[in-house]
Every structure is written in structure tokens, then in C-alpha cells.
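Subject: Structure handover

Dear colleague,

Please find the structure below. My notes on it follow.

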Amino acid sequence: MKLFFGTYTKRESKGIYSAAFDTETGQITHLELVAEEPNPTYLAFDKSGKLYSVGAEDGLGGIAAFKADFTPLNHVVSEGAPLCYVAVDEARDLVYGSNFHKGQLLVYKRLEDGSLELADVAQHEGSGPHENQASAHVHFSDLTPDKFLVSCDLGTDQVVTYSLSDEGKLTQLASYSSAPGAGPRHIVFHPTAKIAYLICELNSTIEVLIYDGCGQFELMQTISTLPEDHTGFNGTAAIRITKDGKFVYGSNRGNDSIAVYKTLGDASLELLEIIPTNGKTPRDFTLSPDEKHLIVVHQDSDNATVFARDTESGRLTELSHDFYVPEAVCVTFN
């Protein structure tokens, strides 16, 4: 089975890498550069195997499209920094992008050959009380269970939901405000309960939200991602939920750990453990397709850590932390 890594290319990395993952042993082997691209920090595959990544070209920033064999299809770029998140909407033939630095949510139409053209842009405005919230910073955009487009804006403490036309035109539907200075980063939805889990980067919390549909969120619980004795910097990064909805995982950069939660009867969270990742700055992680392993990559120590996951208890046991992958900030299976 193939793992894919998105990276920064500031030091040693040259772009997008793949590796072989053994689903029995959890061993990662055979790192290979599959596409050269500047700072391809987030990756999303469509069902046919085409790849969409954060991309840059000629000093401009945006998104890149690749064929299933990783030959380039096209770039859609503009002045300024590239995106930070990419997602595919198969049903509508759309691809969504988030631009952190420019505070933008972008929609791209997927053409017949898989290449992209820009369909619409939503410009967020505002700020927050934290020093990292001087302007809007859209960090995430993907679909809700009822197929609206939800975005997390770290800069304005907002979760903004949009309806979409088939051509990808956006209409704002609703907005939820997190705790001031929380910095919403990513969101996942429970598979059966009307609940969402919003990980907040700046105050190291997860907000458990009741989701009534049509973009309407209501706060139910706030829970920390950190051990009580942690001091110093921390910023959360990724959040994942198991297919059965029983366990939620979040990553800490600074504490350099994965927080493990179980979901209770009302889908609120109870902390099970906070486990070190044995690397520096664990930005992204993913569950293997059978959910028996959790793989985390580190931006600043150039290594991937593999955990065995107990599917009954949700708890993690480290198997290895010595697989080299340079400047990795995204990890995904195709």
C-alpha cells in the first residue's frame, strides 16, 4: 500500500514523495520522489488517482493538478502565497482550496482531463485578539455531511459555511464563532451523531459542536489537547475521527504529541491519553485504511512515526519513529 507525503521544500525536500506501507507490520519503506513541486504542503487525491496539491509557479502561489502518474496537468496561481489545504468534491467535480495568508476560500472546476480552472473566491475579513490573528486566515475548507462547504478561519475565530451552485459559485449560509483567540484550524464530523469536532490551534482545545445542518453549529463542550503540566508554546494541527465515531485524535506541535479521546454516549469527548510522537512538530497524521495504524509526520525532525492502534480501546503503541521523510507536513493514502 502506498503512502504519500506533502512537504515544505525549504531545506532538503524536492516535493511530493511516496513510500510503501506494510499493513501487517506497520513498516514504511522505499521513499521515492514522485513529483517535484515547491512547498506542496497539502495533498488530495480524486477517485481516479489524480492528485491535487498546494502548488506554486513562476513566483505565484495557488494549486497544482497532476495525472495519476504524477505528470503535471496544470497550475492555477495568482500573486502571493500558495494554499494550505486542498479537498476534492467528486459529485460536483469541484476542488476546494484554503489560502491562509490571503484569507481566501477558493473553488476550482475540475475539467475533463482533471486540470483545474478557478470558479469562485470568497474573501474573508476580520481579525482576533491573539497576536497571530491580525487578519483572516482560512485554514480548512471541505464538505459537511449535508454537502455544504465549511471553512475554518483561524484569524477571525469563525467557522463559515457556504452553499454551492453546480458551477462552484459560493453563497454564505451561516457562521459560528469559536472562543475568542481560539484559532479554529480543522473540523471533522461524527459519522452518525449530529456532532462536529473543531480543533483550535491557538488555545490548544477541541470544541465539540452540535451540528443542526445547514451550517448551524452550537457549542457543547470544550476540552484541552494538552497535559496539565505543559508549559511553553503549543499549536494544534490535525484532527481525525475513526469510521465508527468512537475515537478522536489530535496533534500537538510544541508538546509534540497525539491526544487520544473516546466519544461518550452523547458524542462528547473524554481524554484517554496524550502520547509523545518522538519527533519535532507533528503537523499531520493519518489512520491506515483498516485503522489499525496511525502514521504521523514531523515538519522539523524529518521523520515519520508509526503507532499500532488498538481498535477496541483506541490507544496507541509506538512501533517506530525512524523513517526518514524530509520536511513532511501532510501524509495520506491514495
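In which sense do strand E21 and strand E22 pair, and over how many bridges? Strand E21 (residues 247-253) and strand E22 (residues 257-263) are antiparallel, and six bridges join them. Strands here (E, at least two residues) are DSSP runs numbered from the N terminus, as are helices (H or I, at least four residues), and two strands pair if DSSP finds at least two bridges between them.

Some conventions before the rest. This is a predicted model, in which local features need pLDDT of at least 70 and side-chain atom pairs count only at pLDDT 80 or more, while totals for chains, interfaces and linings use all residues. Residues are numbered from 1 along each chain as its sequence is written, and side-chain values use heavy atoms, with hydrogens and water left out.

Sheets

E21 and E22 belong to an open sheet of four strands, ordered E20-E21-E22-E23 with antiparallel pairing. Its edges are E20 and strand E23 (269-276); each has a single partner strand, so one side of each lacks a neighbour in the sheet. From one strand to the next, the twist averages 20 degrees (axes are lines fitted to C-alpha atoms, for helices over the stretch in contact, and angles run from 0 to 180 degrees between N-to-C directions).

Another open sheet of four strands has the order E12-E13-E14-E15, and its pairing is antiparallel. Strand E12 (138-143) and strand E15 (170-177) are the edge strands, each pairing on one side only. Neighbouring strands in this sheet are turned by 20 degrees against each other on average, direction ignored. E12 and strand E13 (residues 149-153) run antiparallel and are joined by five bridges; Ser141 has Ser151 in E13 as its bridge partner.

Salt bridges

Side chains of opposite charge can pair when their charged atoms come close. With a salt bridge taken as a side-chain nitrogen of Lys or Arg within 4 Å of a carboxyl oxygen of Asp or Glu, the count comes to 11.

One of them joins Asp46 and Arg110, whose closest N and O atoms are 2.9 Å apart. This pair links distant parts of the chain, 64 residues apart: Asp46 is in the loop between strand E4 (43-45) and strand E5 (51-57), and Arg110 is in strand E10 (residues 104-110). Asp46 has 6% relative accessibility and counts as buried; Arg110 is buried too, with a relative accessible area of 9%. Buried means under 20% relative accessible area, exposed over 50%, and partly exposed in between (1.4 Å probe, protein chains only). Asp46 and Arg110 are also part of a salt-bridge network with Glu90 and Asp93.

Asp284 forms a salt bridge with Arg240, with 2.9 Å between the closest N and O atoms. Asp284 is in strand E24 (residues 282-287) and Arg240 in strand E20 (residues 235-241), so the pair ties together parts 44 residues apart in sequence. Which of these two is buried and which partly exposed? Asp284 is buried, at 2% relative accessibility, whereas Arg240 is partly exposed, at 21% relative accessible area.

A further salt bridge joins Asp89 and Arg92 at 2.8 Å, N to O. Both Asp89 and Arg92 are buried.

Aromatic rings

The structure holds 10 aromatic pairs, where rings of Phe, Tyr and Trp (its six-membered ring) pair if their centres lie within 6.5 Å; planes under 30 degrees apart count as stacked, over 60 as edge-to-face and the rest as tilted. Among them are Tyr42 and Tyr85, with centres 4.4 Å apart and planes at 35 degrees, so this pair is tilted. Tyr42 lies in the loop between strand E3 (28-36) and E4 and Tyr85 in strand E8 (residues 85-89), so parts 43 residues apart in sequence are tied together. Tyr42 is buried at 9% relative accessibility, and Tyr85 is buried with a relative accessible area of 6%. Tyr176, Phe189, Tyr211 and Phe217 form one aromatic cluster.

Lys10

Lys10 is in the loop between strand E1 (2-7) and strand E2 (15-21) and is exposed, with a relative accessible area of 62%. Lys10 lies over the face of Tyr8, 4.3 Å from the ring centre (the criterion is NZ of Lys or CZ of Arg within 6 Å of the ring centre and within 35 degrees of the ring normal). Not counting residues up to four places away in sequence, Lys10 touches Asn39 and Glu327, contact meaning heavy atoms within 4.5 Å. Pro38 is 28 residues from Lys10 in sequence and 8.6 Å away in space, C-alpha to C-alpha.

Regards
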